[in-house]
Amino acid sequence: STFGDYGGQYVPEALMPALQELEDAYERYVLENEDGFMDEFRERMHDFGGRPTPLQRADRLSERYDREIYLKREDLVHGGAHKLNNALGQVLLAKYMGKERIIAETGAGQHGTATAMAAAHLDMPCEIYMGRTDVNRQRPNVYRMRMNGAEVNPVEAGSGTLKEAINETFRDWATTVETTHYVIGSVVGPHPFPKLVRDFQAVIGREAREQIREKAGRLPDSVVACAGGGSNTMGTFHEFVPDCADPRFANESSGRSPRDEDVDLYAVEAGGSSLEIDAEEGLAPNSATLSTGTDGVLHGAMTKLLQSEEGQIMESHSVSAGLDYAGVGPELSYLAETGRVTPVSVDDEAALNGFHRLSRLEGIIPALESSHALGYLEESHDELGDLVVVNISGRGDKDLETVLEETEKRDLEAAPDVEVFDG
Amino acid sequence: STFGDYGGQYVPEALMPALQELEDAYERYVLENEDGFMDEFRERMHDFGGRPTPLQRADRLSERYDREIYLKREDLVHGGAHKLNNALGQVLLAKYMGKERIIAETGAGQHGTATAMAAAHLDMPCEIYMGRTDVNRQRPNVYRMRMNGAEVNPVEAGSGTLKEAINETFRDWATTVETTHYVIGSVVGPHPFPKLVRDFQAVIGREAREQIREKAGRLPDSVVACAGGGSNTMGTFHEFVPDCADPRFANESSGRSPRDEDVDLYAVEAGGSSLEIDAEEGLAPNSATLSTGTDGVLHGAMTKLLQSEEGQIMESHSVSAGLDYAGVGPELSYLAETGRVTPVSVDDEAALNGFHRLSRLEGIIPALESSHALGYLEESHDELGDLVVVNISGRGDKDLETVLEETEKRDLEAAPDVEVFDG
Amino acid sequence: MTDDSNAAPESDIETAIRENDPALITYITAGDPSLEDTKRYVEALDRGGSDLIELGLPFSEPVAEGATIQAAINRALDAGTTPEGFFELVDDLETEAPLLVMTYYNMILQYGSEPDVRPFVERAAEAGLSGIIVPDLPAEEADPLREACDDHGLDLVFIVAPTTEGERLETIMSQVSGFAYVQARLGTTGARADVSTATHESLERLSEYDVPKAVGFGVSEGDHAAEIIEAGADGVIVGSALIDIVAGSDDPAADLEAKAEELKRGAVRGAESLTVDAEDTPEPEQP
Amino acid sequence: MTDDSNAAPESDIETAIRENDPALITYITAGDPSLEDTKRYVEALDRGGSDLIELGLPFSEPVAEGATIQAAINRALDAGTTPEGFFELVDDLETEAPLLVMTYYNMILQYGSEPDVRPFVERAAEAGLSGIIVPDLPAEEADPLREACDDHGLDLVFIVAPTTEGERLETIMSQVSGFAYVQARLGTTGARADVSTATHESLERLSEYDVPKAVGFGVSEGDHAAEIIEAGADGVIVGSALIDIVAGSDDPAADLEAKAEELKRGAVRGAESLTVDAEDTPEPEQP
C-alpha cells in the first residue's frame with residue numbers, strides 16, 4: 001500500500017492503465033518538473049489563483065486565547081477556497097498528458113466550482129457530477145460552474161450527495177478513461193491521487209511554514225486544520241510532518257533530517273450532532289472518520305471509514321457539506337494511526353460558534369468547514385501551546401443560508417441576533 | 001474647488017468642523033504617515049486584505065483580440081472587491097482620530113460589506129444604511145454585514161436605493177458627527193473624501209503600473225476601468241494620470257516629471273438600456289454620468305450629475321447595482337472635462353456578454369460592474385493599442401441571480417444555455 | 001447691502017426680527033400638497049403672527065431634513081412643484097411677514113440655462129423674497145451666492161450649528177446677514193419633545209455677538225418657544241410641527257393660524273419671563 | 001489449486017464453461033427484492049440453461065455498475081440483505097450450475113471481526129460457492145484474496161478490460177482462475193442495444209491465450225450472445241437484462257427461465273454459425 005497499511009488502488013480493471021499513466025505523469029511532471037510543469041503551475045497559481053495567501057495574525061483571537069494565533073488565509077484563493085490549488089494542478093496535468101476532457105465530482109460544490117474555473121482558464125471541456133440533493137441546496141455553486149461553461153450532471157441515486165457523485169464520476173471515467181482525466185477533489189481515491197492532490201495542496205503549509213518563521217521567528221507549537229476528505233489538512237500539514245523527533249517522519253520528505261522544533265498537528269473532524277453511530281439505520285450523525293472510523297476500502301483506497309459492521313458505507317452527517325464524507329485520505333489515516341497527527345472533533349454547534357466568532361471578531365466569514373478548526377481552537381486552546389497556526393480553508397459566503405437556518409434553531413453563544421437579519 | 005471647477009464641500013454647517021478634522025487627519029496620517037499610519041494600513045491590507053493582487057495575462061482574451069490583455073485582479077481582495085482598500089483605510093483612520101463609531105451607506109452592498117469587515121477587524125461599532133429595495137434584493141450582503149456584527153438600517157424613503165441611503169447616512173452623521181466617522185464608499189462626497197478614497201484606492205494602479213512594467217517591459221497603451229461613483233476607476237487611474245505629455249497632469253502627483261509613455265485612460269460607464277433621458281419622468285435609463293451628465297452639486301460636491309433641467313436628481317439605471325448612481329467623483333469630472341480620461345459607455349447587454357465571456361474564457365466570474373469594462377474591450381479593442389490593462393474591480397458571485405434573470409430575457413451571444421441551469 | 005451687517009442699514013429681515021422680538025419664524029414646504037394650498041397656508045401663518053416666513057423650494061435630496069420635511073418635499077415634488085411655479089406663488093403672495101426661500105444649492109445653481117447662481121437670485125428678488133437659506137452651503141462655498149444676494153439686496157442666512165466654534169464661528173458671525181439661524185441640536189429638522197441643552201450652550205456662545213439669533217430644529221410647542229426666548233434668542237423657527245398640521249389636519253389653514261398664535265404667545269411669555277427676571281435680579285443669569 | 005491455471009486441474013467453474021461451451025453465465029443481485037425471491041429466481045435461471053450463476057452480494061457503493069444493477073442493489077439493501085443472509089441463501093441453493101459471488105472488496109474485508117479476507121472466503125467455500133468476482137480488485141491488490149481463495153479451492157475471477165493491454169494483460173492472463181471475464185466495452189454494467197467493436201478487439205487480443213473467455217457488460221439478447229460467441233468467446237455473461245425482468249415482470253421466475261433459454265439458444269446459434277463458417281472456409285475469419 002501507499003501509506004503504511006493505507007492507500008492502494010482498489011478500482012475496476014478498466015481504470016488501472018489510466019492510473020499507471022497518471023502515476024507516470026505525476027513522477028515526471030510534478031516530481032521532476034518535466035517541461036517546466038511545476039513552474040507553469042506555480043506561475044498560474046500566482047497570477048490566476050492569487051498565491052501566496054497571507055498568514056495573518058488574528059489580533060482579537062490572540063487576545064481572547066492569550067496566545068499568538070495566526071490564520072492561513074486560503075479563503076483568499078481565487079474561487080474562495082484552497083480547492084483551486086488542486087483543481088488547477090490536475091487540469092494542467094491533464095493538459096500536459098494530452099487529455100481532452102475533464103470530469104469531477106462535487107459535494108458542496110467547492111471542488112466543482114474550482115475545477116470548472118480551472119478548466120475554463122485552461123480551455124478544457126468539463127463535466128461535473130453532483131448529487132441531486134446537493135444541486136438543489138447549492139444552487140449558486142451550480143450557477144457558477146455553468147457560468148464557467150461546465151456541464152453539471154445531477155446524480156439522482158441514493159441520498160444524492162457526495163458519495164453518489166463520486167460513484168457516478170468513477171462510472172463516467174470507466175467509460176471515457178482514454179480521453180478523460182478525473183480530477184479527484186481531495187487526498188482520497190486510488191494511488192497516485194492522494195499524493196498528487198497532497199503535493200498540489202502542500203503549497204499551503206510550505207507558505208505558512210516560511211511565513212510563521214518570518215513573523216514569529218520560529219515554527220508554531222501547533223497547526224490546526226479541519227478534515228473531511230483531508231485535502232486542506234494534508235496541504236497544511238505536509239510540510240510540517242517532518243517537524244518532529246520521530247525519524248519515521250523526519251525523513252519522510254526529500255532530503256530532510258530530524259528537526260529541533262516539534263510541531264503538533266491537529267486534524268479537526270466534524271463531530272456533527274454526536275459521535276455515536278446508529279448501526280441499525282446505517283447512519284453516522286457525524287463525519288469524524290479518523291476519530292471513530294474503522295479500516296476498509298472505499299473509492300479506490302484502503303483507509304478509515306464510517307461503515308457498518310458488515311461493510312456498508314454509512315450516511316455521514318455534518319452541518320458543513322464539505323466535510324460530509326464517510327471516508328478520509330489514506331495518508332491521514334496513516335498519520336493518525338502512527339500518532340503524528342492528532343485527530344479531534346467538534347460538533348455542529350461548536351463549528352457554528354466558530355463561524356460567528358471569526359466573523360464578528362476578525363471580519364472574516366469562514367467556510368463552515370474551516371469553522372470546525374476555529375471551534376476546536378475555542379475548546380482546546382490551552383493544549384495548543386503559545387504559537388498556533390489555523391488554516392482558514394475557505395470563505396463562508398456559500399454557507400450564509402445554512403448558518404442562518406442552523407443558528408435560528410439554536411441558542412448560540414457567539415451568534416448575532418438573527419431574527420432581525422431580514423432587515 | 002478641489003479639482004478645477006469640481007469638488008468642494010457642500011454640506012450642512014454642522015458637518016464642516018468634522019470635514020476640517022478629517023482633512024487634518026488626512027494630511028497627517030495619510031500624506032505624512034504620522035504614527036506610521038500608512039505602514040499599518042499597508043500591512044493590514046497585505047495580511048488581512050490579501051494585497052498585492054495579481055496582474056494576470058488573460059491568455060484567451062489576448063488571443064481573441066490579438067493584443068496583450070492584462071487583468072488587474074481586484075476580485076481577489078478580501079470580501080471580493082476593491083472596496084476593502086478604502087473601507088479599511090477609513091476605519092483605521094477613524095481609529096487614529098479617536099472616533100468611536102462607524103457609519104456607511106451601501107447600494108449593492110459591496111461597500112457595506114467591506115466596511116463591516118473592516119470594522120469587525122478593527123473592533124469598531126458599525127451601522128450601515130441601505131435602501132429598502134436594495135436590502136430586499138441583496139439579501140446575502142445584508143447577511144454578511146450582520147454576520148460581521150454590523151447593524152443594517154433599511155432606508156424606506158424614495159426608491160430605496162443608493163441615493164436615499166447616502167442621504168440617510170448624512171443625516172445620521174449630522175447627528176453624531178462628534179463621535180462618528182462616515183466611511184464614504186467612493187471618490188464622491190465633500191472634500192477631503194474624494195482625495196482620501198482615491199489615495200486608499202490608488203494601490204490598484206500603483207501595483208498594476210509596477211506589474212505591467214515587470215511583465216511587459218513597458219507601460220500599457222490603455223487602462224480600462226468601469227466607473228460608477230468612480231473609486232475603482234480613480235484607484236486604477238491615479239498612478240497613470242501623469243503618464244502623458246500634458247504638463248497639467250504630469251506634475252499632478254508629488255515630485256513627478258512629464259513622462260515618455262502615453263497611457264490612455266478609459267472610464268467605462270453604465271449605458272443601461274439607452275443613453276437617452278426621460279426628462280418628463282426624471283428617469284435616466286443609464287448611469288453614464290460623465291458621458292451625458294451636467295454640472296451640479298450632489299452629496300457635498302460639485303460634479304457631473306444626471307439631473308433634470310430644474311436640478312432634481314434623476315433615478316439612474318444600470319443592470320449593475322454598483323454603478324447605479326446619478327453622480328460621479330468630482331476628480332473624474334475634472335479629468336474627463338480636461339480630456340485626460342475618456343468617458344465611454346456600454347449598455348446592459350454588452351456588460352452581460354462581458355460577464356459571460358470572462359467566465360467562460362478565463363474562469364473568472366467578474367462583477368457586473370467590471371463586466372462593463374470587458375464589454376468595452378469587446379466593442380472597441382481596436383482603439384486600445386497593443387497592451388491593455390483592464391481592472392476587474394470585483395467578483396461576480398453576488399450577481400449570479402441578476403445575471404441569470406437578465407440573461408433569460410435576452411439572446412446573448414456569449415451566454416451559456418441558461419435554461420438548463422437548475423440542473 | 002449687508003457687506004458688513006453690523007454697520008450696514010438693517011434688511012427687511014433683520015428689521016422684522018428686531019422690531020418683533022421675540023420673533024416667530026415659520027416654515028412650510030411650497031407645493032405640499034399644491035401651490036394653491038401653500039398660498040392659503042402662508043396667509044394663515046401670516047395672520048397667526050409669523051414675523052418671518054420661510055418657504056421651502058423642494059429638492060429631491062434633502063440631506064438636512066428629518067422624516068417630516070422629507071415627506072413634505074416628496075409630496076411637493078409628486079405634485080409637480082417647479083422653481084418657476086414657486087416664484088409665481090411668491091409673486092402672488094402679499095404677506096405682512098417678509099418671505100425667505102429655503103432650498104438646496106443645486107436648485108439655485110440650475111435655475112437658468114447654465115449652472116450659475118445669479119438667475120435664481122434675480123428672480124427671487126423680482127418675486128419679492130427677502131432672503132435665502134441654503135442648508136448645504138457652508139460659508140466656505142458661499143462667495144458666489146453671497147455676492148449675488150448682496151447685489152440684489154437679499155439676505156443670505158447662515159446656520160450656526162452646535163459644532164460651529166472658534167475661528168469658524170467668528171467668520172460666520174462676521175458675515176451674518178438677516179439673522180443667525182441657530183441650530184438647536186445636532187441632526188436634522190424635526191419636531192422634538194424638548195429643548196436640547198445644546199440650544200442653551202449655543203446661545204451662550206453667541207451671546208457676545210450683537211446680531212439677531214433665531215433658534216430652529218426641533219421646536220414644536222409654545223413652551224419650547226418660551227424656553228428658547230428665555231435662553232436669550234431673538235426668535236424661534238418652527239417647521240416640522242407645521243408640516244404635521246399640513247399633512248394631518250382637517251382644516252390646515254385654521255390650525256396653522258392657531259399654531260402660529262400658540263407659538264407666538266409662547267415666545268412672548270418667554271420674553272416676559274426674561275423681563276421679570278431682569279427686574280428681580282440686577283445680573284440676569286442665563287438658565 | 002489454481003496457482004497455475006493452465007497446468008492445475010480444472011476448477012468447477014472452468015469445467016462448467018469448457019464442457020458447456022458456448023456457456024451462459026447469468027447474474028442477479030441477491031436480496032432483490034428478497035432472499036426468498038432470489039432463491040426462486042436462481043433456480044429458474046438454472047432451469048433455463050445457465051451454466052454458471054453469479055450472485056451479487058450488495059455493497060452500498062457499486063462503482064462498476066450501471067443504473068440497473070445499482071437499483072437492484074439498493075432494493076436488496078433496503079430489504080436488509082446481509083452477508084450472512086446471503087451465505088444462508090447459498091447454503092440452501094441446490095443448482096446444477098456452479099455459483100459465484102460477485103461483490104466489492106470492502107464486503108469481503110469486513111466479514112469477520114477484523115478487516116481480513118479469510119473469514120469471507122472460508123464461509124463462501126463452506127456455502128458451496130465456486131468462485132469470487134470483485135469488480136474493484138485489480139490484480140495488483142489481489143494477493144491476499146487470491147491466496148485465501150487458493151487455500152479454499154475457490155476461483156478468483158479477473159476482469160479483462162478493453163484498456164488491459166501489454167504487460168498487464170500478460171500478468172492477468174497468467175493468473176486466470178476459472179475464466180477470463182472479458183469486459184465488452186468501457187463503462188459500467190448495463191443492457192445495450194448492440195455488441196461493441198471493443199468486444200471483437202478484446203477477443204482478438206485474447207485469442208492467443210488458451211483460457212475460457214466469457215464476455216459481459218451490455219449483453220441483453222440472444223442475438224448479442226450469438227454474435228459474441230461467433231467472435232470467439234466461450235461464454236456470455238448477462239446481468240442487467242435479467243434484473244430488468246426481476247424488477248418489471250409479473251412472473252419473474254418464468255420470464256427469467258425463458259430469457260435464459262433465449263440467451264442460451266443465441267449462444268448455441270453463434271457457435272453453430274462458427275462451425276458452419278469453419279466448414280465453409282478453411283481459414284476462419286474473425287468478423
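How many salt bridges does the structure hold over all chains? The count is 112. This is a predicted model, and the text below looks at a few of those pairs, then at one strand.

**Salt bridges**

Side chains of opposite charge can pair when their charged atoms come close.

| Glu207(A) | Lys72(A) | 2.7 Å |

Start with chain A. A salt bridge joins Lys72(A) to Glu207(A). Lys72(A) sits in strand β2 (residues 68-73) and Glu207(A) in helix α10 (residues 203-216), so this pair ties together parts 135 residues apart in sequence. Both Lys72(A) and Glu207(A) are buried.

Now chain B. Glu315(B) has 26% relative accessibility, so it counts as partly exposed. Lys163(B) has 8%, so it counts as buried. The cut-off for buried is under 20%.

Asp143(D) and Arg146(D) both lie in helix α7 (residues 143-152). They are three residues apart, about one turn of the helix. Asp143(D) is partly exposed because its relative accessible area is 39%. Arg146(D), at 16%, is therefore buried.

Salt bridges can also link up into a network. One such network holds Glu40(A), Arg44(A), Arg57(B), Asp59(B) and Glu68(B).

**A strand in chain D**

Is strand β1 (residues 23-29) of chain D mostly covered or mostly open? Mostly covered: seven of its seven residues are buried. Both faces are covered. On one side are Ala23(D), Ile25(D), Tyr27(D) and Thr29(D). On the other are Leu24(D), Thr26(D) and Ile28(D).

Which strands of chain D pair with β1(D)? One is β8 (residues 235-238), in the parallel sense over four bridges. Another is β2 (residues 52-56), also parallel, over five bridges. Ile25(D) takes part in both pairings. Its bridge partner in β8(D) is Ile237(D), and in β2(D) it stands opposite Leu52(D).

β1(D), helix α2 (residues 35-47) of chain D and β2(D) make a right-handed β-α-β unit.

Definitions and conventions. Residues numbered from 1 in each chain as written. Chains lettered and ligands numbered in written order. Predicted model: local features only at pLDDT ≥ 70, side-chain atom pairs only at ≥ 80, totals over all residues. Heavy atoms only, no water. Salt bridge = Lys/Arg side-chain N within 4 Å of Asp/Glu carboxyl O. Helix = DSSP H or I, 4+ residues; strand = E, 2+ residues; numbered from the N terminus. Buried < 20%, exposed > 50% of the residue type's maximum accessible area, 1.4 Å probe, protein only. Pairing = 2+ DSSP bridges. Right-handed = clockwise from strand over helix to strand, strands pointing away.
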